[in-house]
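Please consult the sequence and structure shown here alongside the text.

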Amino acid sequence: MNFADRPSGQTFVPSNFSRVLDNACDQLWNKKAELSIRKINFLEEELIKMEKELDEFIAQKP
């Protein structure tokens, strides 16, 4: 019997594969979170630079 030939119409997924898939998804989610945090930190640094430039610009006005 083929895995897809089950009467319920559901595909059987071996538990080892499920664990591997869950682990892969967890790793991808963690990587996405890491990259998002890195991007937020970069944007925060850029914003700080822009705020300083704005303060300097405002200070130069008479």
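## Salt bridges

In this predicted model, a search of the whole structure identifies 3 salt bridges. Glu34 takes part in a salt bridge with Lys31, their closest N and O atoms lying 3.6 Å apart. Glu34 also meets Arg38 in a salt bridge, with an N to O distance of 2.9 Å. A further salt bridge links the side chains of Lys49 and Glu46 at 3.5 Å, N to O.

Lys49 and Glu46 are 3 residues apart in helix H1 and are therefore separated by about one helical turn.

## Exposure of the paired residues

Glu34 is partly exposed at 37% relative accessibility, as is Lys31 at 42%. Arg38 counts as partly exposed at 49%. In the other pair, Lys49 has a relative accessibility of 48% and Glu46 one of 29%; Glu46 is thus partly exposed, because the class covers values between 20% and 50%.

## Surface patches

Glu51, Glu53, Asp55 and Glu56 form a negative surface patch. Of these, Glu51 belongs to helix H1, residues 15-60, and is partly exposed at 43% relative accessible area.

A nonpolar surface patch consists of Leu54, Phe57 and Ile58, which together have about 310 Å² of accessible area. Ile58 likewise lies in helix H1.

## The chain as a whole

The protein chain contains 1 helix and 0 strands. Buried residues account for 0% of its 62 residues. The accessible surface of the chain is about 6100 Å², with 60% belonging to carbon and sulfur atoms.

How values were computed:
Residues are numbered from 1 along each chain as its sequence is written. This is a predicted model: local features need pLDDT of at least 70, side-chain atom pairs count only at pLDDT 80 or more; totals for chains, interfaces and linings use all residues. Side-chain values use heavy atoms; hydrogens and water are left out. Patches are made of residues with over 30% relative accessible area and no salt bridge: like charges are joined within 9 Å, nonpolar side chains (Val, Leu, Ile, Met, Phe, Trp, Tyr) within 5 Å. Accessible areas come from the Shrake-Rupley method with a 1.4 Å probe; for residues, only the protein chains shown count as cover. A salt bridge is a side-chain nitrogen of Lys or Arg within 4 Å of a carboxyl oxygen of Asp or Glu. Lys and Arg count as positive and Asp and Glu as negative; His and the chain ends are not counted. The place of a charge is taken as NZ of Lys, CZ of Arg, CG of Asp or CD of Glu. Helices (H or I, at least four residues) and strands (E, at least two) are DSSP runs, numbered from the N terminus. Buried means under 20% relative accessible area, exposed over 50%, partly exposed in between (1.4 Å probe, protein chains only).
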